[in-house]
Amino acid sequence: NLAKLSIYIGNLIIICLMKERKSNERGQVGIGTLIVFISLVLVAAIASSVLLGSADLLQERGEQTSEESTDEVSNKLVEYQSYLVTNTSSGVKEIDVKVRKAAGSDQIDLADLTVEYLEGSTQATLGDGSALSATTTEGDGILSSQSERGTLTIDLTSAPIEQTADAEDDISLTIVTDSGAETNVELQVPDNPESDSTIRPQ
């Protein structure tokens, strides 16, 4: 459209100049008009090239954003069961979260996970080897199929948490895969947990 407009303006200039010039000046008018016309065409061509380049760049960025958004939605974990392990004082010393990969997800390496832990005023980001460990039924730490299962074990007595959870405490976990997909798990310690036991949260 910009190129067509430039050509139209060039033609309009030619007509106007041709009408105003005398017949003995037609040669000079023709050369001058030709220079103006060529200049306009070049400007239009450059502008069109810039617009096309910008359109391609925007399309590429849009596709990349779409792929990243899809990964964040699809490549996630599903928590299907959780257990709390208590110590001799009935405090929760360990959390075991059973997970599988969501339908449509690519394989997920549990070693690349991070877990945001929140209980009362205690907040910590856990990674592999930092109070967080992970195992799978296949033993390779990677969930490759829907039938595979994984266990995330959080040791509350290790750094950076170093604090057990007590009766009726609310625990919030946000499991984040390497693609950025999040899975939220809300747990509550029972009001009268048994000591030295593996119990289900409320």
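Which order do the strands of the open sheet of five have? I read S6-S8-S2-S1-S11, with antiparallel pairing. Strands here are DSSP runs (E, at least two residues), numbered from the N terminus. Two strands pair if DSSP finds at least two bridges between them.

Before going on, I noted the ground rules. This is a predicted model, where local features need pLDDT of at least 70 and side-chain atom pairs count only at pLDDT 80 or more, while totals for chains, interfaces and linings use all residues. Residues are numbered from 1 along each chain as its sequence is written, and side-chain values use heavy atoms, with hydrogens and water left out.

I found strand S6 (132-136) and strand S11 (198-199) at its edges, each pairing on one side only. S6 runs antiparallel to strand S8 (residues 150-155), and five bridges join them. Ser 133 stands opposite Thr 153 in S8.

Next I looked up the open sheet of four strands. Its order is S5-S4-S9-S10, again with antiparallel pairing. Strand S5 (122-127) and strand S10 (182-188) are the edge strands, and each pairs on one side only. S9 and S10 run antiparallel and are joined by seven bridges. I saw Thr 174 opposite Asn 184 in S10.

Last, I checked where Asp 170 sits. Asp 170 is in strand S9 (residues 170-176).
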